[in-house]
Amino acid sequence: MKKRKILKRGIASLLAVVLAVGLLPVMPDNTLTVKAADGVTPAMTLGTGSIADPAVPASTNDAWTGSYVYFGTYNGNPVKYRVLDSETTVFGGATMLLDCDSILESRRAFDDSSDNNWELSDIRTYLNGEFLTNNFTTAEQNAIAESTKDAADGQDGDEKGYLAYTPLSGDKIFFLDAKEATNTSYGYSNTPEEVENRRKTGGGMCYWWLRSAYRDGNDNGAGCVGSEGDVFYDIVNNSPSGVSPALNINLSSVLFSSAIGTGKSDALSADSSPIGTTTGTEWKLTLRDEGKTIKVTDDRKGTKAAGGTITVPYTYADTATTDAEKVNQISVMITDQAYTEAGAKILYYGALQNIKDTDGNGSTVSDAAIGTGTFVLPDGLKGTLGTDYHVYILAEHVNKSNETDYAGTPAEITTISIENVDVDVDAPVAGASLDTSAAVPSYITDATVTWTADGSEVTDSALYNTVHTVNVTLTAAGGYAFTDAATAAVNTNAAGVTKNENGTLTVTYAFPATEKDRLISITTPASIRVANGTAYASMNLPKEINIQTEGGAAATAPVSWDTTTPASGSYDRKVLTEQTVTLNGVVTCPDSVDANGVTLATTITITIEAAGTTGGSTTAPSGGSTTAPSGGSTTAPAGGSTTAPSGGSTTAPADETDIPDQPEVPDSATESARHVLCLVSSSVMQVIGNLFLPHYFPLRLLVPRLHKIG
């Protein structure tokens, strides 16, 4: 131990001189390289795309700063590794270089026979034998690269002059070389002196071995890093130095990586959130396990049922023999492009739910190597399956949040059969515009809406008191197809379905009848005038009268008149003077109109002119209005009209029965004239008779006859 202290003091003095004359290189800026091209770090990424390289230390006081990966275990606990290079080819092939963040074992001899030759050392044998087997699963061991490095890399740092660079030749587990422990791109300061970024915790003295051999004739010395982060050497068979292993992982073995704390077993649902971003630096890997295979049966189709649930038939195989690696989850991964494409991103990730065995009974993934499961496409997923996004299932063993996971090659779902589809359309409202844009799921690219009523197409506004049928023709997005037995619902109601020859689906649904139009008011018909003696049946009373409604569904309504009990006045055909009578009427609302509380009663006033009046009668036209004809006379249409003859007399048609026929009564003026004429005639004839009777008897006999005629 005394020799070590002396060497350290000597090196410290020499370093002070070098610093004084400015011979040490200038350190680059402290930067942390993030590989995500857009500067955003996804919380789950294919490969190792989100794992950053370490920051170059600006000072010897800077702690090591970079990303960490949990990989393997020690004494049953996950082990945390520093990512020295997230993507390198220095060790043969494309790998990720990891260096343990702590010292796992203390006082482990480099070699019991005092040989500092790494290739022949006991520590190399131990690391690549017992240590590898006991602390890494089969899948992890397969993912660890056999590292080969014949010479120092150009970015490696300056080692102690007495520590020779030591090559690697197919090592899976190894120690860093002194030059690698001073490589600034690995996050270590390029100086052998005490630095914060090389310090590690664990072990008795916090010393950790390097693989570099002491080359100044001392074959029992090998490089190490002290508790203060300084580089020196220690005796190979009697030392406090411990094991802090390094290794390379083949990038091709990493299926994807996820930030610690990112859930992988949540169910995918309509409201699932896409994979977010992270500011964390700790990661776990999902390794590709070729012993796990899975396929989507039924020609790689999933079937979409009600509520958007997609049922996936699958079968998987697994060569794992321990529960620590066996398949325990069928995962669903959705990417923006084929996962094998450069730059592909994971959009959503979750676990298949509702696992059932071949008999349709509920089961577990472990017990159902052949079965079905379900998931729901998130609402945020847009576009075409197979083009804008890809859906895969994986046979996976998911561990705790900081332990490695294992999955087989993803199997793509190429087609989703649509078994049921939900359509939402605004119900028709009488008088309002019909809805022409149906709300449909994202996997429907077009929904053409038309409306019919009583077999005829209806456009613009809905009719009153009418059953409207909506017809929606659906076109599925690429990658989707309607099954021959597809069903549909409109506003959650079962609807009719027609599978068309071009693959589209027409959905029909008859909505309940719309509401009736509401009555606002009834227009009282104009009064009418008729000739004396006209019967009610011949007055041409209006059969319909005008009404007003909110929506204008009807302009007129039928009306019936009570001619038995007038509302006011009376009518007697024997009365020769002018008469006025008002009749009560009852309005009948059309089927499309709601009375709306309006009184369905009206009246009409009728004036019966005095006998002998000419040019004064009026006939009420259909609809309730009254029109006086030009010139003052009115002629009622054939079939019930009454015509006043010249001279003023009125003759009622023979078929009138509403008022009983009366004996014909001459008007007063005519009767008076006739009476006077008879008196005069009688007197004249009497005089003539007296004068001539004795002489002419026949003339006297004529007088009574004329009187009778008069």
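Two strands count as paired here if DSSP finds at least two bridges between them, and strands themselves are DSSP runs (E, at least two residues), just as helices are (H or I, at least four), all numbered from the N terminus. On that basis, four bridges join E31 to strand E32 (residues 505-510), and the two run antiparallel. This is a predicted model, so local features need pLDDT of at least 70 and side-chain atom pairs count only at pLDDT 80 or more, while totals for chains, interfaces and linings use all residues. Residues are numbered from 1 along each chain as its sequence is written, and side-chain values use heavy atoms, with hydrogens and water left out.

**The chain as a whole**

- The secondary structure of the protein chain comes to six helices and 40 strands.
- Of its 710 residues, 45% count as buried (under 20% relative accessible area, with exposed meaning over 50% and partly exposed in between; 1.4 Å probe, protein chains only).
- Take the contacts (heavy atoms within 4.5 Å) with a separation of 6 or more: residues 24 or more positions apart account for 68% of them in the protein chain.

- Val507 lies in strand E32 and counts as buried, at 0% relative accessibility.
- Val507 and Val472 sit 35 residues apart in sequence but 5.1 Å apart in space, C-alpha to C-alpha.
- Leaving out residues up to four places away in sequence, Val507 touches Val470, Asn471, Val472, Leu474, Ala488, Val490, Ala495 and Gly496.

**The four-strand sheet**

- Another open sheet has four strands in the order E6-E9-E10-E11, and its pairing is antiparallel.
- Strand E6 (163-164) and strand E11 (231-235) stand at the edges with a single partner strand each, so one side of each is left without a neighbour in the sheet.
- E6 pairs with strand E9 (residues 208-214) over two bridges, in the antiparallel sense; Ala164 has Ala213 in E9 as its bridge partner.

**Strand E38 and its partners**

- Strand E36 (residues 556-562) pairs with strand E38 (residues 579-587) over four bridges, antiparallel, and the bridge partner of Val559 in E38 is Val587.
- Strand E37 (residues 568-569) is joined to E38 by two bridges, again running antiparallel, with Gly569 opposite Val581 in E38.
- Eight bridges join E38 to strand E40 (residues 601-608), also antiparallel; here Val586 stands opposite Ala601 in E40.

**Helix H2**

- H2 (residues 122-135) bends by about 25° at Asn128, the bend being the angle between axes fitted to the seven residues ending there and the seven starting there.
- Its buried residues are Ile123, Arg124, Tyr126, Leu127, Phe131, Leu132 and Asn135.
- Those buried residues pack against strand E2 (68-74), helix H3 (138-143), strand E7 (168-171) and strand E8 (173-174).

**A buried asparagine in a loop**

- Asn197 lies in the loop between E8 and E9, and is buried with a relative accessible area of 0%.
- Not counting residues up to four places away in sequence, Asn197 touches Pro57, Ser59, Thr60, Asp62, Ala63, Trp64, Arg82, Gly187, Tyr188 and Ser189.

**Aromatics and charges**

- The structure holds 20 aromatic pairs (rings of Phe, Tyr and Trp, the last by its six-membered ring, with centres within 6.5 Å; planes under 30 degrees apart count as stacked, over 60 as edge-to-face and the rest as tilted).
- Tyr314 and Tyr316 form a stacked pair, 6.4 Å centre to centre with 15° between the planes, and both are buried.
- Phe71, Tyr74, Tyr126, Phe131 and Phe136 make up one aromatic cluster; Tyr126 and Phe131 are among the buried residues of H2.
- Lys80 lies over the face of Tyr68, at 4.2 Å from the ring centre (the rule being NZ of Lys or CZ of Arg within 6 Å of the ring centre and within 35 degrees of the ring normal).
- Likewise, the charged end of Lys200 sits over the ring of Trp208, 3.8 Å from its centre.
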